[in-house]
Amino acid sequence: MHLKLDGLACRRGGRVVFRDVSFTVEPGQAALVRGPNGVGKSTLLRVLAGLIPPLSGAIRYNGMDIAADPGALQENAAYSGHLDAIKPALTVRQNLDVWAGIFATGANRVDAALAFFGLDQIAERPAVQCSAGQKRRLGLARLMIMDRPLWLLDEPTVSLDTASADLVAELIKDHCDGGGAAMIATHIDLALPAGPVLEMTLSGRAHSPIEDVTDNDAFLDGNWA
């Protein structure tokens, strides 16, 4: 697994969020994405997850330009954003069963994920009755079900206590030790082994207002498909 960003830029709603982002992530690396609020960390991860199109630049996964084959990266990446991606009406276990069914990974992984995150004691509880921290752990437990080599994690420790945050760090380390890789937007120290750090800055998106709103913005042009 090899991920390379080359001069990547993104624009949303007529505003350039970031530009000229170049970065490389190799197998076994836990790469940190840092920077102040509003600098574009979440947007960058959403671009890599295929949820937002880039404005310019290239994304290469294992040497292949994603512009030519978007599925090459999407089919190998697991994205965890600010939302926990759980169904409130389903039980804790049923939420993971759904993912296991989608990815054909089986009940053994569900049991392992529940135990790892300390959710086995509440496995039959409806997710709507879970605390914010329990919902966060349930959302992150998906990573153990999906079996994807690249993890894109946006503030994964939000709502978690110290012990649970340590579990997340342990999970990431185990994933990387097994040859996987992760890109993690976070403001805290996860005590992970030293890896590459992408420092995003507000100055890195310097641009003119005229350029922002006139240069072929598909959304503003009415192309919403």
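Guide: A cavity is a set of points on a 1 Å grid over the protein atoms alone where a 1.4 Å probe fits but cannot get out, and lining residues have an atom within 4 Å of a point. Grid points are joined across faces, edges and corners, and a volume is the space filled by probe spheres set on the points. This is a predicted model, in which local features need pLDDT of at least 70, side-chain atom pairs count only at pLDDT 80 or more, and totals for chains, interfaces and linings use all residues. Residues are numbered from 1 along each chain as its sequence is written, and side-chain values use heavy atoms, with hydrogens and water left out.

Visitor: How much space lies in the largest cavity?
Guide: One cavity of 30 Å³ or more is present in the structure. The space in the largest cavity is about 30 Å³.

Visitor: Which element gives the largest share of the lining of the largest cavity?
Guide: The lining consists of Phe117, Leu140, Leu143, Leu153, Val168, Leu171 and Ile172. Helices H5 (132-146) and H6 (162-177) each give two or more of these residues; helices (H or I, at least four residues) and strands (E, at least two) are DSSP runs, numbered from the N terminus. The largest share, three residues, comes from H6.

Visitor: Which strands stand at the edges of the open sheet of four strands?
Guide: The order is S2-S1-S4-S5 with antiparallel pairing, where two strands pair if DSSP finds at least two bridges between them. S4 (residues 56-61) and S5 are joined by two bridges, and Arg60 is opposite Asp65 in S5. One side of each edge strand is left without a neighbour in the sheet, because each has a single partner: these are S2 (15-25) and S5 (64-65).

Visitor: In the open sheet of five strands, how many bridges join S7 to S8?
Guide: The order of this sheet is S6-S7-S8-S3-S9, and its pairing is parallel. Leu152 stands opposite Met183 in S8. Between S7 (residues 150-154) and S8 (residues 181-185), the number of bridges is five.

Visitor: Which side chain meets that of Asp84 in a salt bridge?
Guide: A salt bridge is a side-chain nitrogen of Lys or Arg within 4 Å of a carboxyl oxygen of Asp or Glu, and the count comes to six. In one of them, at 3.1 Å from N to O, the partner of Asp84 is Arg136. Asp84 lies in the loop between S6 (77-80) and H3 (92-103), so the pair ties together parts 52 residues apart in sequence, the other part being helix H5 with Arg136.

Terms used. On a 1 Å grid over the protein atoms alone, a cavity is a set of points where a 1.4 Å probe fits but cannot get out, and a pocket is an open set with protein on both sides within 12 Å along at least five of seven lines; lining residues have an atom within 4 Å of a point.
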